[in-house]
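Visitor: I would like to learn how to read a protein model, one feature at a time. Could you take me through this one?

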Amino acid sequence: KFPRANPACAKMLGYDTPEELMSSITDIAAEIWVDRNERNAMLDDLRRDSEAHVEVRMYRKDGGFIWVSMSVSAKYDDDGGLEFVEAILLDITERRASEVNLKAAKEEAGSADMAKSSFLSSMSHELRTPLNAIIGFSQLLTSSKKLGLADKQKRMVDQILSSGQHLLALIDQVLDFSKIDAGQIDVNIVDVSADRICHDCVETASMLARAAEFDLVYAADGRDLPMVRADPTRLRQIILNLLSNAIKYNRPKGHAVLDCTEQSNGYARFEVTDTGEGIAKSLHEKVFVPFERLNQQTGPIEGSEIG
């Protein structure tokens, strides 16, 4: 039985008064402790050290249970026999529930991470196989003397080859699992021809532009542009994303202009302008927010806004 209890203890266990608690409990081991093994383990600790701290489940009056943090000390009589146990209880039910939820969330995240790795591993094979075929046949077409490709045809095949190699480089970087998990992507800074990068991007985007009856202009064509220090793959990505958006979010039969100019501070400025409706000033701060489509979510143009 409870020889003594305070109002807070009674309320914690679902009783109106300490007297009700003390008179209702006739067998603490059976009516208070959810797991008797936990109680016995605590008593063993008390016999060794006279004090113990445990986290256990205790029954309430309604039959449910709560998690309790219990600091316990044993009181012995003059002959060394256990006289009574004094305990300070703290209800930690909410904390334990949070720990359970956190553990479940971690397990779910781990499962999702394994699924992601499995998906990317599978996609690596599925993407590389047809892409290597495209690159291989493009190389055969450009090197074959028997086919006798016209200049225009050769330029088209060269563009297929260049785009395929660019895509293969992106796949190599995206599918590096360890760098994805660490949040790191290598940046390979080298000397790059700004003019060559711009020409490649305009050539690639021109196919999309022609399909949309769209005029795409490279304003710096023929201009003596400097070499720049950059990662060529990343620089192509940036310019192609800008050109793609300039074409997709434009008016029918509109146009876009890619320009590159050398700045007085030693930098090169790449600039894309177009005849689209633009972005409202109130939305400017959201331009670089991932997956934010700037009120285009329900529009007819597909996109994810991660470019």
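**A helix, a strand pair and some loops**

Guide: Let us start with helix H8 (residues 194-211), which has 18 residues and reaches 26 Å from its first C-alpha to its last, close to the 26 Å expected at 1.5 Å a residue. The expected span is 1.5 Å times one less than the number of residues. Helices (H or I, at least four residues) and strands (E, at least two) are DSSP runs, numbered from the N terminus. This is a predicted model, where local features need pLDDT of at least 70 and side-chain atom pairs count only at pLDDT 80 or more, while totals for chains, interfaces and linings use all residues. Residues are numbered from 1 along each chain as its sequence is written, and side-chain values use heavy atoms, with hydrogens and water left out.

Visitor: Where is the kink in H8 centred?

Guide: A bend at a residue is the angle between axes fitted to the seven residues ending there and the seven starting there. In H8 there is a kink of about 35°, centred on Ala 205.

Visitor: Which residues of H8 are buried?

Guide: Buried means under 20% relative accessible area, exposed over 50%, and partly exposed in between (1.4 Å probe, protein chains only). The buried residues of H8 include Ile 197, Asp 200, Cys 201 and Ala 205. For the chain of 307 residues, 27% count as buried.

Visitor: What joins the side chain of Asp 200 to Arg 236?

Guide: A polar contact is a pair of N or O atoms within 3.5 Å; within protein, one must be able to donate a hydrogen and the other to accept it, and residues adjacent in sequence count only if both atoms are side-chain atoms. Here the side chains of Asp 200 and Arg 236 are joined by a polar contact of 3.1 Å. Arg 236 belongs to helix H9 (residues 232-248). Contact in general means heavy atoms within 4.5 Å. Neighbours within four places in sequence aside, Arg 236 is in contact with His 166, Ile 197, Asp 200 and Cys 201.

Visitor: How many bridges join strand S4 to S6?

Guide: Two strands pair if DSSP finds at least two bridges between them. Four bridges join S4 (residues 190-193) to S6, and the two run antiparallel. Val 190 has Ala 230 as its bridge partner in S6.

Visitor: Which residues form the covered face of S6, and which the uncovered one?

Guide: In a regular strand the side chains alternate between the two faces of the sheet. In S6 (residues 227-230), Val 228 and Ala 230 make up the covered face, with Met 227 and Arg 229 on the uncovered one.

Visitor: Let us turn to the loops. Where is Lys 253 found, and what is its phi?

Guide: Most residues other than glycine have a negative phi, and most peptide bonds are trans. Lys 253 has a positive phi, near 55°, and is found in the loop between H9 and strand S7 (255-262).

Visitor: Is Lys 253 buried or exposed, and what about Asn 250?

Guide: Lys 253 counts as exposed because its relative accessibility is 59%. Asn 250 lies in the loop between H9 and S7, and is buried because its relative accessible area is 17%. A polar atom of the Asn 250 side chain lies 2.8 Å from the backbone oxygen of Ala 246. Not counting residues up to four places away in sequence, Asn 250 touches Phe 214, His 255, Asp 274, Thr 275 and Gly 276.
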